[in-house]
Amino acid sequence: MSESLAPALEGGASILVMLVGDSSTGKTRALYEALCELAPNRPFLRPHMASDLLDLLHAGQLKPGDVLWLNETQRFLYGSAGEPAAAGLKRLMEEEPGIIALGTLWRSPYWTELTRQGAPGDPHSHARALLKSPLTRKIEVPAHLTHTERLQWEQLAHHAHDNRLTQALRAARSDRRAIQHLSGGPELVDAYQQGPGVHFTPVEHALITAALDARRLGAHAPLPPDLLAYAADGALEPRHRPADLDWRDQALLSLTTGERNDGSRSDIRCTLTALHALRATSGGPAQYTPADYLEQHARVQRADQLGSASLWRALARYTQDPNDMHALAQAAWDRGLYKHSLLLFSRAVLAGHTGSAGTMLALHSSRPFSEATRSLGRSVACWLAQHAPLTDASGTAALIGQLPLDGADGALQILLSRNPESHVGLTSPGGLGDLLGVLRQRDAADALEALLRRISVAVLDLSHPAAVAGLLKALWAVDAKGLHTSLTRRFVEEATDYAIGDWISTAFVLDHLKEIGDLQSLDALANRLAPLPDIADPGHVAHVMTVLQSVEARAATRSLLARNPVGHVDLADPFVAELLSVLRKGGQHEAMRQLLERQPDAHTDVRDANGVSWLLSELRESGEDDSVAALAQRAAAGCDLADDSLGILLHEMQRCGRAADSAVSLLLQRLGRSGSAIAANLRFLLESQALGQSGALSVDNLISLATEHIDVNDLPRVAEVSHALRDADQRSAALKLVRRVPMNHVELDTPGVTSFARELHELREQELLLKLIDLNPARHVNVARPISAALWIFTLNAIGAHDQAQLLAQRASKESDVDTRTSQQLSKALTVISYRGDETYLQRLEDAGLGDHNRWMPYGREVDGSPAAAWFWHDLGIRNEG
């Protein structure tokens with residue numbers, strides 16, 4: 001972190017340092033300690049939420065030399081003010097040096113969600129641009145202590161005589177999460193999981209559950225007390241509902257301060273509370289967020305909870321942020337709650353969310369066709385045509401593109417009668433390009449002409465070259481040559497180096513200019529691109545040259561080469577091989593000769609087998625036999641025998657022919673003295689044509705070394721070597737190897753044990769297989785992780801232990817976690833074995849929004865899980881005015 005901050009502290013380019021990791025891993029503390037050490041006297045700005053950050057940027061209060069504190073950065077990037085705040089901060093940091101911004105994010109869901117590409121409507125494009133900007137330094141914070149760190153922790157606890165450190169380390173023996181235990185996070189989770197009436201009162205527990213579920217379902221903004229109280233009250237049993245009129249305020253005060261009226265406490269260690277109260281101003285009304293560690297665990301532990309009926313009613317009634325309304329509506333749809341979904345979507349539309357109308361119509365249109373759904377579809381389309389906000393060009397384009405063509409009185413005509421071309425914002429080139437395209441497709445000539453008259457090239461945001469390319473193509477398609485020329489000229493002349501430096505996106509503009517034959521503009525833009533690469537970075541130079549050569553920008557290519565990158569690139573960088581390839585394929589023989597004269601073969605790190613293989617390939621293609629021989633010899637003598645990629649290196653050496661013959665022999669001799677290296681690369685070595693040619697290593701010696709020196713407790717390696725031996729028709733050697741595994745020490749949750757079991761099955765080693773099955777995996781395997789349960793079910797089924805597979809499936813369907821990445825694998829495993837149990841896991845997936853909710857078509861289901869009765873648009877009670 002110190003290295004990242006140093007340039008900005010000295011007045012260099014501004015920087016945003018983002019610490020990314022799980023909750024309670026020390027991210028905030030690390031930032032605080034870094035500030036105290038490196039910038040103790042700097043002006044310190046600490047906005048409360050996205051709107052505060054936006055106000056601060058608009059007022060010009062953030063200046064060079066300032067520190068901007070963005071702890072829990074999701075608070076500043078979600079919500080209606082999140083995107084403008086992200087765009088404004090990125091723009092300011094690009095323009096002004098010396099600004100230091102510090103932030104923290106959970107890896108999942110926040111970093112993943114905010115940086116994901118391809119989401120409908122691209123709701124976080126500016127946040128992604130900020131987080132992926134060259135100005136941002138992402139630093140991963142691990143969740144677990146390494147062995148060395150544990151030893152350092154023990155020494156610190158001993159010297160400091162701090163029993164808290166010792167207790168935290170002792171509590172972390174099983175999960176290695178000492179920092180989390182020090183903060184009290186696991187204790188808070190345990191207190192909540194004990195249920196109502198133990199550590200937390202029934203009312204407190206219901207309020208916490210409401211907050212956790214609202215967050216999990218998509219409510220990112222701080223939660224209003226009315227929402228929590230409504231949801232909690234509906235979920236309480238009648239006998240637990242309090243008589244006091246101020247029950248809500250009393251319980252929320254207890255959960256945020258830890259103090260109850262009777263003198264008892266609701267917090268952990270008198271410090272860690274389940275909820276946090278946030279106020280925009282001193283003395284102002286509070287809104288609430290759950291404790292980070294508790295929330296993160298609840299996302300997994302409660303992922304398969306559909307949410308109470310009172311929670312969904314509270315979300316529809318009290319949610320204020322349009323982005324949260326949209327996210328909650330999508331969550332409801334994914335769970336088959338179609339009525340709740342349309343109600344939330346309609347509220348988002350009326351609140352001004354520009355993407356909700358298109359999404360709402362698209363989801364409704366996906367339902368099976370029937371007269372009832374057709375009638376409802378007409379009502380939805382007409383309502384959206386009347387009420388959808390028309391300020392966003394992308395959202396308006398998406399809606400127009402989906403509205404049905406059903407006559408002069410249909411939804412499309414209703415929307416066009418509102419003159420969307422007169423209302424859309426004019427700064428987004430991507431949105432305007434989409435809108436021009438859809439108006440052209442729908443033959444809306446008047447609207448198209450009116451929109452063209454409004455477009456002003458001067459106000460367009462040029463920070464996304466791919467969007468500029470889309471608008472250029474749309475303008476060309478509608479024959480708006482004047483606007484096309486003006487936009488091209490402005491982009492070439494005025495686009496920032498940060499925008500042009502996005503060479504992948506800039507390639508779209510260059511391709512378009514080449515396609516229409518505007519070679520003058522193409523050359524001018526290419527010449528802007530040529531000075532940007534860091535000529536010490538061979539990968540960057542190679543990538544930009546690839547773009548320039550693809551559009552035949554010869555002058556810009558010459559300009560780039562005139563900067564002499566081949567004389568400056570770091571020869572130890574493995575991307576030198578890519579630069580050689582680009583130069584060779586582009587016919588840049590002189591530059592290639594100059595680069596080769598610097599002898600990259602002498603600078604390559606031979607411990608990197610993949611990097612050496614890559615460079616050997618390029619040197620071979622270039623006919624540089626002497627360099628091939630020199631590099632191959634260096635690699636053979638100095639490569640890391642523990643590298644699993646040695647087989648790839650040996651294969652490439654063989655392709656180099658006579659130039660690498662002596663290197664092949666030397667490498668095989670070294671391998672002959674390292675049984676572990678042979679085991680790691682056995683498959684490549686057995687397939688090697690060099691065996692038997694050089695005399696350095698015979699097949700028999702190879703097999704003997706591999707099987708004798710392997711760690712038989714390393715089950716993944718044993719399975720891998722056995723598989724390679726079988727494929728080489730060395731079944732007896734494979735059997736000899738697997739029989740050395742001490743079966744009495746095998747643990748069912750050991751990584752690779754399923755691969756080992758499959759290998760035993762393939763070898764028909766029934767005795768060992770029965771010993772493994774006698775360990776009763778169906779009862780003892782840890783099924784918390786869906787992928788682990790799925791692998792065991794697949795394995796038991798494959799080896800013929802069908803009863804065990806069914807019993808394990810029964811456990812997994814009830815006990816496995818539900819997550820977006822691996823639950824589908826468990827679902828597939830249950831299907832493959834024709835699981836004969838109930839539909840518990842299918843139900844859990846549906847409740848988590850991961851199942852196939854299409855079986856609830858066309859009317860969806862109720863919150864209690866029962867099929868919904870037929871309903872119509874007027875049943876939703878959606879108001880007809882914005």
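Here is a tour, stop by stop, of what to select and what is there.

**Before you click**

This is a predicted model, so to speak of a local feature a pLDDT of at least 70 is needed, and side-chain atom pairs count only at pLDDT 80 or more, while totals for chains, interfaces and linings use all residues. Residues are numbered from 1 along each chain as its sequence is written, and side-chain values use heavy atoms, with hydrogens and water left out.

**Stop 1: the sheet**

Start by selecting the strands β1 to β5. They form an open sheet of five strands, in the order β2-β3-β4-β1-β5, with parallel pairing. Two strands pair if DSSP finds at least two bridges between them. Helices (H or I, at least four residues) and strands (E, at least two) are DSSP runs, numbered from the N terminus.

Which strands are at the edges? Colour β2 (44-45) and β5 (136-141): each of them pairs on one side only.

Now zoom in on β3 (residues 67-70) and β4 (residues 100-106), which pair in the parallel sense over four bridges. Click V67 to find one end of a bridge; its partner in β4 is I100.

**Stop 2: helices across the sheet**

**Stop 3: a pocket by α2**

Keep α2 on screen and select S24, G26, K27, T28 and R29. Of the 50 residues that line the second largest pocket, these lie nearest its centre. The pocket holds about 1,400 Å³ of space. Helix α2 gives the largest share of this lining, five residues.

How is a pocket found? On a 1 Å grid over the protein atoms alone, a pocket is an open set of points with protein on both sides within 12 Å along at least five of seven lines, while a cavity is a set where a 1.4 Å probe fits but cannot get out; lining residues have an atom within 4 Å of a point. Grid points are joined across faces, edges and corners, and a volume is the space filled by probe spheres set on the points.

**Stop 4**

For the largest, select L571, A572, D573, P574, V576, A577, T604, G611 and L615, which line it. Helices α32 (576-585) and α34 (609-621) are the elements that give two or more residues to this lining. The space inside is about 50 Å³.

The second largest cavity, with about 30 Å³ of space, is lined by L16, L53, L70, T73, L77, A86, L89 and L130. What kinds of residue are these? Seven are nonpolar, one is polar and none is charged (Ala, Val, Leu, Ile, Met, Phe, Trp, Tyr, Cys and Pro count as nonpolar, Asp, Glu, Lys and Arg as charged, and the others, Gly among them, as polar).

**Stop 4: a salt bridge**

Show the side chains of D213 and R216. They form a salt bridge, with the closest N and O atoms 2.9 Å apart. Because they are three residues apart in helix α12 (residues 202-217), D213 and R216 are separated by about one helical turn. The structure holds 35 salt bridges, each a side-chain nitrogen of Lys or Arg within 4 Å of a carboxyl oxygen of Asp or Glu.

**Stop 6**

Most residues other than glycine have a negative phi, and most peptide bonds are trans. Select S108 and P109: the peptide bond between them is cis, with omega near 10°. P109 is found in helix α6 (residues 107-115). Another cis bond runs from M857 to P858, with omega near 0°.

Finish at D479, in the loop between α25 (465-477) and α26 (481-494). Its phi is positive, near 65°.
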